[in-house]
Amino acid sequence: RGGVTVTGVGAVLFAQDRKTERPGIEAFLIEELELKELNLGALSWYWAGNLGLKAEASSFTNRDASIAVRNSRGTVQISTIELLSGNFIPSGIRLTGGTIEADISADSHSEHRNMPALVTLDDTEFHWRFGKYSGRLDHFTLLLDADERLLRARIPGAHVSIHMGEQIVPEQVEIRFSNLNWMPRIWRDQFSGSIAGEVAFKQKQLKNWILDFALTSNNGSPVIYSAFDIKWAFDSLKGDLLLIEGMTEGVFDQVRSESLEWTLGKNLIRANCKWREGNFTLSATSPYVEMPLIWNGLRPLEDDKAWHEWLASMQGGVASDARAELSFPWMMPWKSLPTDSEWDSVQYHVTAHVNDADISLGFDQDAVIHTEADVELDQTGLKAIILSTELPNRVGQAKGGLSIPWNTLLIDVNGTARADTGRLHTWLDAEEAAQVDWQEAAADAAFSIKWTPRSGERRVGKEGGARG
């Protein structure tokens with residue numbers, strides 16, 4: 001212990017002998033740490049197993065001005081072994097408090113050959129910029145250990161851990177968060193609701209990367225994500241992605257997911273997807289999806305108020321045993337959303353069994369209710385075999401069909417029913433009722449209702465006929 005103490009005292013005296021003048025210390029650190037400028041506050045030396053230099057209220061900027069530190073308390077550590085060998089080289093730096101501004105864009109960094117092996121930021125105010133994105137992180141703490149190739153960052157509500165590979169590129173990234181305050185505002189504003197999650201990104205093997213993610217609502221209310229004039233709501237969203245890089249760095253040959261899962265209340269959809277050679281495919285199944293969610297998914301087919309009102313008017317029913325297949329060309333999914341021409345080439349096929357659904361008929365709030373049907377839709381339109389439904393005004397039980405071609409949106413509901421002729425007469429208008437042959441109070445009736453839910457051309461026709 002006495003030898004260590006003597007060594008420590010000797011190291012401090014050695015350091016003071018060599019670098020007692022502030023300008024000399026600043027000039028030395030500017031050279032060793034490759035800085036553009038450095039202003040040190042009050043200085044003091046200490047010994048804690050290694051020689052250390054403390055500087056109050058210090059500021060510095062690196063050579064390419066991508067990093068600037070203001071009014072921070074700095075501690076510089078010098079390895080005893082290096083010091084006794086005649087090398088006054090910093091082995092670690094700790095910055096406490098103050099403000100740090102960093103431009104971490106790809107074109108705003110330089111190689112720091114003499115960067116200390118250990119860099120620690122403690123309770124700093126961190127302002128960052130990456131291309132067009134920027135943000136501010138309060139109470140930011142960071143540990144960068146070059147020997148272990150490890151970076152850890154922590155702020156209130158989030159923790160990040162990054163393990164570097166031999167090429168000084170991330171091999172594994174893990175993020176855990178309980179809020180989105182750490183994200184850029186331009187991204188954060190796309191979410192409504194409280195959200196927590198975990199994201200892990202790691203290199204499985206050379207040029208193969210795996211992304212696992214799990215997002216959940218924090219307070220029991222759905223999270224709503226808004227983008228491109230569409231809103232997506234979820235209680236939880238989790239899945240995985242495998243990215244396979246091609247011969248060109250940063251360009252993927254294949255992207256696929258074996259497991260994607262979305263929940264909202266009782267609604268559940270499981271899916272898998274694959275992208276390869278410019279084509280995207282997706283398969284999905286669901287044991288339970290509420291019909292209003294399906295109707296809402298048809299809104300983009302027509303930008304018309306009447307169409308949207310018709311879809312929103314239907315609030316009942318559940319789809320079960322749903323299956324979907326979808327495919328379309330998509331050149332670079334990791335860079336941009338599909339173009340309009342790529343969306344126009346979409347091919348899909350969806351089947352489901354529907355129970356207790358209501359279908360608005362577009363006439364004075366008329367609707368068939370408690371509908372059970374087998375539904376099928378693809379890129380040409382929707383077709384349904386109605387196994388059982390209840391006509392408006394308690395006219396009677398019916399069965400039949402429903403079709404909606406997407407190119408015209410002409411809705412055609414037709415079928416047969418065991419109808420109450422008195423109520424059928426009341427439901428149909430006078431002109432149409434005159435065509436009915438009323439023979440009994442109850443009759444077998446055929447009906448056909450057609451209309452287009454577009455503004456200005458809502459009603460096409462409603463016909464009915466009965467026979468004893």
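This is a predicted model: local features need pLDDT of at least 70, side-chain atom pairs count only at pLDDT 80 or more; totals for chains, interfaces and linings use all residues.
The chain comprises 468 residues, of which 41% count as buried. Its secondary structure amounts to nine helices and 28 strands. When contacts between residues at least 6 apart in sequence are considered, 46% of them join residues at least 24 apart.

Strands of a sheet pair through backbone hydrogen bonds, in either a parallel or an antiparallel sense. A run of antiparallel pairings links strands β18, β19, β20 and β21. Strand β18 covers residues 252-264 and strand β19 covers residues 267-276; the two pair over nine bridges in the antiparallel sense. Within this pairing, E261 stands opposite R270 of β19. The two strands form a hairpin with two residues between them, and G265 in the turn has a positive phi of about 60°.

Strand β19 also pairs with β20 (residues 279-290), again in the antiparallel sense, over eight bridges. Here A271 stands opposite A284 of β20, and K274 has T281 of β20 as its bridge partner. The hairpin of β19 and β20 has two residues between the strands, and E277 takes a positive phi near 50°. Strand β20 in turn pairs with β21 (residues 318-329) over 10 bridges, in the antiparallel sense. In that pairing, the bridge partner of T285 is R323 in β21.

Helix α6 spans residues 305-312. Its buried residues include A306, W307 and H308, together with W310 and L311. At the start of α6, the backbone nitrogen of A306 has a side-chain oxygen of D304 within 2.8 Å.

A separate element of the strand architecture is an open sheet of three strands in the order β12-β15-β16, with antiparallel pairing. Its edge strands are β12 (191-192) and β16 (230-234), each of which pairs on one side only. Strand β15 (residues 223-227) pairs with β16 over five bridges in the antiparallel sense. In this pairing, V223 stands opposite F234 of β16.

Empty space left among the atoms is shown by rolling over them a probe the size of a water molecule. The structure holds one cavity of 30 Å³ or more. The largest cavity contains about 160 Å³ of space. It is lined by 15 residues, and those closest to its centre are L29, L38, L40, F60 and V76. At least two lining residues are supplied by each of the strands β1 (35-39), β3 (51-62), β4 (67-78) and β5 (90-96). Strand β3 provides the largest share of this lining, with four residues.

Notes:
Residues are numbered from 1 along each chain as its sequence is written. Side-chain values use heavy atoms; hydrogens and water are left out. Buried means under 20% relative accessible area, exposed over 50%, partly exposed in between (1.4 Å probe, protein chains only). Contact means heavy atoms within 4.5 Å. A polar contact is a pair of N or O atoms within 3.5 Å; within protein, one must be able to donate a hydrogen and the other to accept it, and residues adjacent in sequence count only if both atoms are side-chain atoms. Two strands pair if DSSP finds at least two bridges between them. On a 1 Å grid over the protein atoms alone, a cavity is a set of points where a 1.4 Å probe fits but cannot get out, and a pocket is an open set with protein on both sides within 12 Å along at least five of seven lines; lining residues have an atom within 4 Å of a point. Grid points are joined across faces, edges and corners, and a volume is the space filled by probe spheres set on the points.
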